[in-house]
Amino acid sequence: MGEAPVAELDAVLDGGGWEVGGSFEGPPQPSGPIRLGKNVCYVVLAVLFNEEDRVLLVQEAKPECHGKWYLPAGRMEPGESIVAAMRREVKEETGLECEPLTLLALEERGPAWIRFAFLARPTGGTLKTLAEADAESLQAAWCAGDPRSLPLRAPDILPLLDLAARYRRSPPHPPTLPQELPCSRLCLRLLIACSGAAGDLWVLLGTAEPPRLPVVACGASPAELRRGLRLPVLRLLRGCLSPAPPPGPHGAAGAAAPRWGRRRGRWRLLQRGAEHRTGQPGR
């Protein structure tokens, strides 16, 4: 397998990036490129708190939810990065400039609809008032009490608010932001890890040079767009790991199986930071 990419692994495990490369698992090349607004929809959402721990909410101007409250959110535009889209939506809907701190969650309704939820902090601007209402929003306000006391556009923001509050109290992972890598497919890079009997960390890597994390690609045909990300992930895992027990996804940033069998084909488990990179973990 060659020298283990310890520096690259440390970067990924510490919230950094690692080039995807040109080799993918999963469906063959789709018939056409992924196009925002045509066959996919990327949505950005931001959770911001002020110094008094109040959360920033927006009063909607859209006819279908006029007057209700929600987090600043909206669709990405073609040619726009994920972080740039988040900053633009916050500015348009609240009047504030912001800086992303970390990616809190990645939500999907099939790979055709994906929402990136950020924790961010305000860096400038002026809060939008009712006198400045436009098609983007009526106003923005720092909410001091329980958001459930307000007429919300939808309750799906409540788990995100809880996730953001818990991250601020005790971050469960280092600050992580999307990496800008050009790609014509919908791709999901997987961090598949488990701990060994002695507490060592094991990570699943490909055996091809250079070693790489598994990446699963989702096609752009109507049938594939309806199936979601879970099936491509499980298809990749079943080809890498022992058949029993069956593996399952475990969060937005990774996947894990409770027990690991011996390595299969093009994949092996690499012990992070160890001098001897052979053998298998206990669990």
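## Basis

Helices (H or I, at least four residues) and strands (E, at least two) are DSSP runs, numbered from the N terminus. Two strands pair if DSSP finds at least two bridges between them.

The model is predicted: local features need pLDDT of at least 70, side-chain atom pairs count only at pLDDT 80 or more, and totals for chains, interfaces and linings use all residues. Residues are numbered from 1 along each chain as its sequence is written, and side-chain values use heavy atoms, with hydrogens and water left out.

Strand 2 (residues 55–59) and strand 3 (residues 69–70) run antiparallel and are joined by 2 bridges. Val58 has Tyr70 of strand 3 as its bridge partner. Strand 7 (residues 139–143) also pairs with strand 2 in the antiparallel sense, over 5 bridges. Gln59 stands opposite Gln139 in strand 7, and the bridge partner of Leu56 is Trp142 in strand 7.

Together these 3 strands form an open antiparallel sheet in the order 3-2-7. Strand 3 and strand 7 are at its edges with a single partner strand each, so one side of each has no neighbour in the sheet.

Strand 2 is largely enclosed by the rest of the structure, because 5 of its 5 residues are buried (under 20% relative accessible area with a 1.4 Å probe, protein chains only; exposed is over 50%, partly exposed in between). In a regular strand the side chains alternate between the two faces of the sheet. In strand 2, Val55, Leu57 and Gln59 point one way and Leu56 and Val58 the other way; all are buried.

A second open sheet has 4 strands in the order 4-1-6-5, with mixed pairing. Its edge strands, each pairing on one side only, are strand 4 (73–75) and strand 5 (96–108). From one strand to the next the twist averages 25°. Strand 1 (residues 41–48) pairs with strand 4 in the antiparallel sense over 3 bridges, and Val43 has Arg75 in strand 4 as its bridge partner.

Helix 2 (residues 82–94) lies across strand 1, strand 4, strand 5 and strand 6 (113–125), at about 120° to strand 5. Helix 3 (residues 157–169) lies across strand 1, strand 5 and strand 6, at about 115° to strand 5. Axes are lines fitted to C-alpha atoms, for helices over the stretch in contact, and angles run from 0 to 180 degrees between N-to-C directions. Contact means heavy atoms within 4.5 Å.

## The second largest pocket

On a 1 Å grid over the protein atoms alone, a pocket is an open set of points where a 1.4 Å probe fits, with protein on both sides within 12 Å along at least five of seven lines; lining residues have an atom within 4 Å of a point. A volume is the space filled by probe spheres set on the points, which are joined across faces, edges and corners.

The second largest pocket has a volume of about 370 Å³. Its lining has 18 residues, with Val43, Lys62, Gly74, Arg75 and Arg153 nearest the centre. Strand 4 gives the most to this lining, with 3 residues. By class, the lining has 7 nonpolar, 1 polar and 10 charged residues (Ala, Val, Leu, Ile, Met, Phe, Trp, Tyr, Cys and Pro are nonpolar, Asp, Glu, Lys and Arg charged, and the others, Gly among them, polar).

## Gly74

Gly74 is found in strand 4 and counts as buried at 15% relative accessibility. Not counting residues up to four places away in sequence, Gly74 touches Tyr42, Val43, Val44 and Glu89.
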